[in-house]
Amino acid sequence: MEAAVAPGRDAPAPAASQPSGCGKHNSPERKVYMDYNATTPLEPEVIQAMTEAMWEAWGNPSSLYPAGRKAKDTINAARESLAKMIGGKPQDIIFTSGGTESNNLVIHSVVKHFHANQTSKGHAGGHHSPVEGAKPHFITSLVEHDSIRLPLEHLAEEQVAAVTFVPVSKVSGQAEVDDILAAVRPTTRLVTIMLANNETGVVMPVPEISQRIKALNQERVAAGLPPILMHTDAAQALGKQRVDVEDLGVDFLTIVGHKFYGPRIGALYVRGLGEFTPLYPMLFGGGQERNFRPGTENTPMIAGLGKAAELVTQNCEAYEAHMRDIRDYLEERLEAEFGQKRIHLNSQFPGTQRLPNTCNFSIRGPRLQGHEVLAQCRVLLASVGAACHSDHGDQGSPEGHGVSRLRCQISHLQDAAEILG
């Protein structure tokens with residue numbers, strides 16, 4: 001659940017560095033926005049960075065005249081900011097159009113690398129796979145975003161790849177490490193598990209999965225099998241909790257700007273890009289982004305993404321603590337208003353970490369379908385599931401695997417007094 005007055009043309013811009021009381025207007029037009037896992041408004045400092053780039057860095061970043069060099073410098077600075085935000089190296093960051101492209105880029109790169117190695121090993125007389133004509137095998141969870149689930153389903157339907165979808169535990173809400181390891185095959189090439197679920201807020205055990213995969217890879221190499229790569233879609237976690245690629249132990253990490261008050265572009269972290277971890281372009285053109293993602297760079301959007309990352313690095317601990325306090329307050333007030341028999345907090349799993357901003361709850365009772373409840377709201381702007389499934393009514397999406405739910409996400413800019421009046 002996120003609460004903030006929906007930004008409007010005449011609305012004052014909240015300060016980025018501290019919570020603002022951005023919901024205290026008495027106007028009947030006032031709206032409380034609580035769908036920040038779908039998208040966040042732009043921070044004023046992000047808008048300023050984008051505006052400055054439009055005025056001063058308008059040149060082609062590949063050009064040598066001043067406006068072009070300014071654009072290149074702006075892009076490099078943003079790359080540094082993103083790397084710092086996730087504890088990685090700037091040379092391992094590739095800018096993309098968003099999370100969907102980043103996720104697809106990882107999946108298709110793994111398929112291409114599998115076949116490239118099959119061919120090279122075949123020419124050398126080796127046996128990269130124990131089965132002639134084998135397909136690369138992917139392991140993921142049943143609650144991944146569509147930009148993971150759908151390309152994998154498509155590859156499986158086209159018989160280009162094999163995929164195992166691991167369910168989440170009803171006890172922890174997580175994809176269990178043992179279940180993932182049990183699904184490994186000789187042809188497994190990628191495990192992709194989201195860092196945090198966008199509907200329940202449950203944080204997945206990505207570090208533990210990576211550690212187990214790393215240990216398994218030592219055995220695989222000794223047996224003549226290639227290592228398994230690890231990817232996490234960190235879209236929902238960034239800006240809400242500390243994210244560090246070294247702690248996570250991943251080879252790929254997806255970054256999505258509009259989930260942490262940046263513009264609608266993204267990036268992909270690739271550990272040891274082109275040296276230790278393979279990446280194959282899906283596009284071909286002028287050679288930008290070291291040929292991994294060609295196309296003239298969108299300098300203003302990249303500048304905004306870099307500024308948003310800089311703000312996360314500076315303020316993440318304060319954001320996290322503030323959002324957690326508000327979320328806990330909201331859940332306490334919901335139980336007080338409705339009673340524990342009428343409301344169920346779906347994302348509270350004992351011993352399981354969850355995002356500090358996300359609340360997923362059900363109101364029990366006849367004719368209390370989520371979309372009908374929201375239709376009666378005059379102030380609250382929330383959702384029953386992921387934004388990309390908004391046309392599914394109350395059926396929810398695979399990420400939430402539930403019905404008749406309300407999902408709210410809190411902003412780091414929200415005044416707690418605004419929630420529930």
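Predicted model: local features only at pLDDT ≥ 70, side-chain atom pairs only at ≥ 80, totals over all residues.
By class, the lining of the largest cavity has 8 nonpolar, 3 polar and 3 charged residues.

The count of cavities of 30 Å³ or more is 2. The second largest cavity has a volume of about 30 Å³. Its lining is formed by Glu101, Leu105, Met282, Leu283, Phe292, Arg293 and Pro294. Of these lining residues, 5 are nonpolar and 2 are charged, with no polar residues.

Strand E4 (residues 137-141) was examined next. Because 5 of its 5 residues are buried, E4 is largely enclosed by the rest of the structure. His137, Ile139 and Ser141 point one way from the strand. Phe138 and Thr140 point the other way.

E4 pairs with strand E5 (residues 162-166) through 5 bridges, and the two run parallel. In this pairing, serine 141 is opposite valine 166 of E5. From E4 the chain passes through helix H4 (residues 146-157) to E5, a right-handed β-α-β crossover. E4 is also joined to strand E6 (residues 188-192), over 4 bridges and again in the parallel sense. Here isoleucine 139 is opposite valine 191 of E6.

Note on methods
Residues numbered from 1 in each chain as written. Heavy atoms only, no water. 1 Å grid on protein atoms, 1.4 Å probe; cavity = no way out; pocket = protein on both sides within 12 Å on 5 of 7 lines; lining within 4 Å. Points joined across faces, edges and corners; volume = space filled by probe spheres on them. Nonpolar A, V, L, I, M, F, W, Y, C, P; charged D, E, K, R; others polar. Buried < 20%, exposed > 50% of the residue type's maximum accessible area, 1.4 Å probe, protein only. Pairing = 2+ DSSP bridges. Right-handed = clockwise from strand over helix to strand, strands pointing away.
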